[in-house]
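User: I am new to this structure and would like to learn how to read its features one at a time. Could you take me through them slowly?

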Amino acid sequence: MTRDVREVGGAWRRFQSHAYPSPSADLAEYVARYWAVSWAYEEPYRQLIVPYPNVHLTFRDVVARVQGVVPGHQIKVLHGRGQVFGVAFRPGRFRPFLRAPVSSITGRTIDARHVFPA
């Protein structure tokens, strides 16, 4: 497979923007960081996602999802224009919201309404 030139030397930065706002002091016990990504690709781009030991709450296209800790690298295909806003929970701090072992969602993505019904 030939390497995509957009992967080399940080060229992807011309097509994506990233922001990492800090959580408020009252949420910092649970939330490690917020993150926001937007992109614009005319041709599909295979984005490598490196795993971190965090549970993420994400919002994309009016859909909210909870993603458990991912056990390995992921590839997300980005195409067209899009954006995602995410909440990265501190390791070990999502269980009070899930009300179950966090291991029960390892490697899984679930509808956020199962955790946050309101």
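Predicted model: local features only at pLDDT ≥ 70, side-chain atom pairs only at ≥ 80, totals over all residues.

User: Let us begin with the strands. In what order do the six strands of the open sheet lie?

Analyst: As a general idea, the strands of a sheet pair through backbone hydrogen bonds, and they do so either in parallel or in antiparallel fashion. Here the six strands form an open sheet whose order is β1-β2-β5-β3-β4-β6, and the pairing is antiparallel. At the edges lie β1, residues 16–19, and β6, residues 109–111, each of which pairs on one side only. From one strand to the next, the twist averages 25 degrees.

User: How many bridges join β4 and β6?

Analyst: Strand β4, which covers residues 63–67, pairs with β6 over three bridges, and the sense is antiparallel. To follow this down to individual residues, look at Val66, whose bridge partner in β6 is Ile110.

User: Next, the charged side chains. How many salt bridges does the structure hold?

Analyst: The general idea is that side chains of opposite charge can pair when their charged atoms come close. This structure holds three salt bridges. One of them joins Arg93 to Glu29, with the closest N and O atoms 2.7 Å apart. Arg93 belongs to the loop between β5 (74–89) and α1 (95–98), while Glu29 belongs to the loop between β1 and β2 (31–49), so this pair ties together parts that are 64 residues apart in sequence. Arg93 is partly exposed, at 25% relative accessibility, and Glu29 is also partly exposed, at 48%.

User: Which side chains meet in the other salt bridges?

Analyst: Arg60 forms a salt bridge with Asp61, where the closest N and O atoms are 3.7 Å apart. Arg60 counts as partly exposed at 37% relative accessibility, whereas Asp61 counts as exposed at 59%. Asp111 and Arg113 also meet through their side chains, at 2.7 Å from N to O. Of these two, Asp111 is partly exposed at 25% relative accessibility, and Arg113 is exposed at 61%.

User: What does Phe94 touch, leaving aside residues up to four places away in sequence?

Analyst: With those neighbours set aside, Phe94 touches Val55, Val66, Phe89, Val102, Ile105, Val115 and Phe116.

User: How should I read the aromatic rings, and how many aromatic pairs are there?

Analyst: One reads a ring pair from the distance between the centres and the angle between the planes. The structure holds 10 aromatic pairs. Among them is the stacked pair of Phe15 and Tyr41, with 5.1 Å from centre to centre and 20 degrees between the planes. Phe15 lies in the segment before β1 and Tyr41 in strand β2, so the pair ties together parts that are 26 residues apart in sequence. Phe15 counts as partly exposed, at 25% relative accessibility, while Tyr41 is buried, at 3%. The rings of Phe97 and Phe116 have centres 5.8 Å apart and planes at 50 degrees, so this pair is tilted. It links Phe97 in helix α1 with Phe116 in the segment after β6, which are 19 residues apart. Tyr30, Phe89, Phe94, Phe97 and Phe116 form one aromatic cluster.

User: Lastly, what is the phi of Asp61 and of Val62?

Analyst: In general, most residues other than glycine have a negative phi. Asp61, although not a glycine, has a positive phi of about 50 degrees, and Val62, also not a glycine, has a positive phi of about 55 degrees. Asp61 is placed in the loop between β3 (56–60) and β4, and Val62 is placed in the loop between β3 and β4. Val62 counts as exposed, at 91% relative accessibility.

Conventions. Residues numbered from 1 in each chain as written. Heavy atoms only, no water. Pairing = 2+ DSSP bridges. Helix = DSSP H or I, 4+ residues; strand = E, 2+ residues; numbered from the N terminus. Axes fitted to C-alpha atoms, helices over the stretch in contact; angles between N-to-C directions. Salt bridge = Lys/Arg side-chain N within 4 Å of Asp/Glu carboxyl O. Buried < 20%, exposed > 50% of the residue type's maximum accessible area, 1.4 Å probe, protein only. Contact = heavy atoms within 4.5 Å. Phe/Tyr/Trp six-rings, centres within 6.5 Å; stacked < 30°, edge-to-face > 60°.
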